[in-house]
Amino acid sequence: MPPPSLANGHVSKESSHNDAGLRSDSVAYKELQHNEIRIAEIDPVTADSRSEQVSGRLIHVPREKPPAYQALSYAWGRPSEREKGYILLDGIKHQVTSTLEAALHRLRHEDGQKKLLIWVEALCINQNDLIEKAREVERMRPIYQRAEQVSVWLGEHSENSPLAWKLLKELHVASNLTTVIQSHRLRAFDALKDLFRREYWWRIWVVQEVNSNENAVVYCGEDHMSWTDLLQASGRIEKATRIILDTVYHDQPHSIYTLISGGPRNLRIQRHSNTRGDEKKLPPLVDLLYSHESKLSSEDVDKVYALVGLSLDQEAFGAIDYSLPARLVFIHTAKYIIAQKECLNVICRHNNDDNPLSLPSWVPDWQRRLPFPHHRVMHMQIREPSYEAAGTTKAKFSWPPWTNNLEVFKLQASQSVPSRTLRTLSIAPSMNEIFDRRSTIDDCEAFQRTFCGGTWAPRYEDFGRGDPSQRVSQFVRLLWKMFPRLVDGMPPMPTMPLEEGIDDVELEKRAKGTVAAAALRMHGKRLVVTESKLVGFAPMAARAGDKIVVLFGCNYPVVLRQVEPKVKCLQVDGKFYRGECMSSELGTDR
């Protein structure tokens, strides 16, 4: 069944704040015709103007057959840094971000004759005209596709970024990586970590920008490298993970994780993919939202709008409208995904500790409100093998007409899937209490299996990947060392076959790596014990009396709390969903 219209319900008429924070009243924007786009024409550097301000003008060109131009991809910068730069457009001072001013200063031609034709969203779209902005944002991907080159601006060089750039070039061309990866180059690898943590890699819009054109060039200060070469150099780092761990970072697996997952690899269309934006291979919107939920945007709605054009759902999703409040856009997105997929997994997402948009309990807030490096809740889709609580069933849901099709929808719990409906939870405030209870050895083994949780080995380690029992052994060994009183009297954990012949120092390193991986997955959750003595994770807000149910079409168990006449919804693996607008028919006990 199709979701309700995006425009249903109250719509705020307040203008949204544009992403650049610019004032465009200094430029008299001429209305774009249907077959036109604007291009910034930037004057070249002359012998006597090398240090002068960037100058140029906006011109209208045919949308389908424009002259050769570049398209700029860059990070807008923090709000406190905006409006600190300016350029001259038609001789008029026009405020821009300092980042944009630096990018244009770097990219303008230095031959004194050729003008730089470049498309820049902050300049070429009238940010104060919300109708034009929505229309042009929908058409932005073709603009990047038709560009002669996408120019990626990472920013000016920092004190140590030249070291990172030199290392990247060496990694790209080296026939033997051991000649490049040396212990004395720790400072260069630290510089590369800093480069891969720059703001650019965390901006949501650049995912579409760099994946829409095969010819992209990355600039950092005076240095540059093709996007293809940069991605290949980053891939070689992943292949050399073990060498880097043994040579450079030793017991710092978090550092290698930044190198293999940050930088350009953080902008792949989907995780574990090196493909570009081929229309025949574009993923559904929900997969993109999952893959890039850690990205940042100045406007909440852009966490969705920036990915629609890169998805299979561009036509079916509906029109982009910047006059709509983020709350309504997120509700529409959840309804659209549920209707398209006939799957309820999307209701089990929760990225933040708060609910500033007052969203219903089943609607995800896609904005990331905890900036890097703070950790968010990690969701169950990372588990291997994946959860399939509801089997192959499809969601049974409806939007009752009395709800005005906005916030309430009706669900049905599974009665045929071989999963249990558990009536209550017994909350364990800490894992110490679990050990203090230690009713039986079976309970302790269940506790250990909980921490194993599928594939909990760190991505950057290759030890013991085929033997989950080794990971349990590693975890418990370090736990016993940290809390000897809690395990006093328990039988010792036997040495696993794969551990024989490995010295204690190496075993402790591995244990620390496993605990670090488990800690990320436990973040934002608490241990619970059901009436039938099953141990598991639930949201921090879970409390005794809550019910765990399996809904048709939902791969994950869901925690529900009855609040007459409505229901609050929690996810077993996530934070508390505070909304009170989810009507549900609970399944019977089995």
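Predicted model: local features only at pLDDT ≥ 70, side-chain atom pairs only at ≥ 80, totals over all residues.
Residues are numbered from 1 along each chain as its sequence is written, and side-chain values use heavy atoms, with hydrogens and water left out. Local features need pLDDT of at least 70, side-chain atom pairs count only at pLDDT 80 or more, and totals for chains, interfaces and linings use all residues.

**View A. Strand 8 (residues 216–220) is buried on both faces.** Helices (H or I, at least four residues) and strands (E, at least two) are DSSP runs, numbered from the N terminus. Buried means under 20% relative accessible area, exposed over 50%, partly exposed in between (1.4 Å probe, protein chains only).

**View B. Strand 8 pairs with strand 7 (residues 149–153) and with strand 9 (residues 223–226).** Pairing requires at least two DSSP bridges between two strands. Strands 7 and 8 run parallel over 4 bridges. Strands 8 and 9 are antiparallel over 4 bridges. Val-217 is the bridge partner of Ser-151 and also of Ser-226 in strand 9. The hairpin of strands 8 and 9 has 2 residues between the strands, and Gly-221 takes a positive phi near 60° there.

**View C. Helix 5 (residues 161–173) has 13 residues.** Its buried residues are Ser-161, Ala-164, Trp-165, Leu-167, Leu-168 and Leu-171.

Terms used:
Expected span 1.5 Å × (residues − 1).
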